[in-house]
Amino acid sequence: KPGDTVVVRSLGRKGRVERLLKGDQVCVRVGALTMKLRRADLEGTRGERFAEVAPGKPKKAPTPATTAERERIGGLRVGANTLDLRGQRVDDALDLVDRFLADLVAQGFETGWILHGHGTGALKTAVRRMLPGRTEVRRWRPADAGEGGDAFTVVELR
């Protein structure tokens, strides 16, 4: 995401992600230079690789993630990509989710975390029913036990 430090493999130098571009391209600043690079030429500072984006794939409506897809929807949960809806009324909460998803995309996040809690289940149900209608959402899943469990919904963004 923008602001992350990455290693440009072809140069062996560190750079900072400026912005994500369409398809497989990323704008990275290395020193005084800003370059447009493919994700495949980048790795994290600990050697992790980034998934390539398939060009021109049509967007599908988001669906609950299958077991295999659950492994791919991840990412670090931080304050900036987490929305806490506990205690909200459903209508107000859905408005907050609308703004939250738009903000995540604008900030370049690939994953978002929605904390709706357990309670009566009304917030969780409403949030998960709205996600298939959102164009920003590629897929979603309930969080695993080690991630906060079913009190969270994890959203993968386009």
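Tutor: Some ground rules come before that. This is a predicted model, where local features need pLDDT of at least 70, side-chain atom pairs count only at pLDDT 80 or more, and totals for chains, interfaces and linings use all residues. Residues are numbered from 1 along each chain as its sequence is written, and side-chain values use heavy atoms, with hydrogens and water left out.

Student: How many helices and strands does the protein have?

Tutor: Helices (H or I, at least four residues) and strands (E, at least two) are DSSP runs, numbered from the N terminus. Here there are 3 helices and 10 strands. Along the sequence they follow the pattern β-β-β-β-β-β-α-β-α-β-α-β-β.

Student: In what order do the 5 strands of the open sheet stand?

Tutor: Start with pairing: two strands pair if DSSP finds at least two bridges between them. In this sheet the order is β4-β3-β2-β1-β5, and the pairing is antiparallel. The edges are β4 (33-38) and β5 (42-44). Each has a single partner strand, so one side of each is left without a neighbour in the sheet. Neighbouring strands are turned by 45 degrees against each other on average, direction ignored. For such angles, axes are lines fitted to C-alpha atoms, for helices over the stretch in contact, and angles run from 0 to 180 degrees between N-to-C directions.

Student: What happens between β1 and β2?

Tutor: A hairpin links them, with 4 residues between the strands. In that hairpin, glycine 12 takes a positive phi near 70 degrees. Now move on to β2 and strand β3 (residues 25-30), which run antiparallel and are joined by 4 bridges. Arginine 19 has cysteine 27 in β3 as its bridge partner. The hairpin of β2 and β3 has 4 residues between the strands, and glycine 23 takes a positive phi near 70 degrees.

Student: What share of the protein is buried?

Tutor: Buried means under 20% relative accessible area, exposed over 50%, and partly exposed in between (1.4 Å probe, protein chains only). Of the 158 residues, 39% are buried.

Student: What is a nonpolar core?

Tutor: It is a set of buried Ala, Val, Leu, Ile, Met, Phe, Trp, Tyr and Cys residues joined through side-chain atoms within 4.5 Å. In soluble globular proteins, nonpolar side chains tend to be buried together. The largest core here has 17 residues. Leu85, Val97, Leu101, Ile114, Leu131 and Val155 touch the most other members. Two or more residues come from each of α2 (90-107), α3 (122-130), β9 (137-142) and β10. The largest share, 5 residues, is from α2. Apart from this core lies another, of 8 residues, among them Val6, Val17, Leu37 and Leu42.

Student: Which residues does valine 155 touch?

Tutor: Contact means heavy atoms within 4.5 Å. Not counting residues up to four places away in sequence, valine 155 touches Leu101, Glu110, Thr111, Gly112, Ile114, Leu131, Val137, Arg139 and Trp140.

Student: Is arginine 128 buried or exposed?

Tutor: Arginine 128 counts as buried, because its relative accessibility is 15%. It lies in helix α3. Other buried residues of α3 include Leu123, Ala126 and Met130. The cover over the buried residues of α3 includes α2, β8, β9 and β10. Leaving aside neighbours within four places in sequence, arginine 128 is in contact with residues including His116, Asp150 and Phe152.

Student: Which residues form the aromatic pair?

Tutor: Rings of Phe, Tyr and Trp (its six-membered ring) pair if their centres lie within 6.5 Å; planes under 30 degrees apart count as stacked, over 60 as edge-to-face and the rest as tilted. The structure holds 1 such pair. Tryptophan 113 and phenylalanine 152 form it, edge-to-face, at 6.2 Å centre to centre with 85 degrees between the planes. Tryptophan 113 lies in strand β8 (residues 111-115) and phenylalanine 152 in strand β10 (residues 152-157), so the pair ties together parts that are 39 residues apart in sequence. Both tryptophan 113 and phenylalanine 152 are buried.
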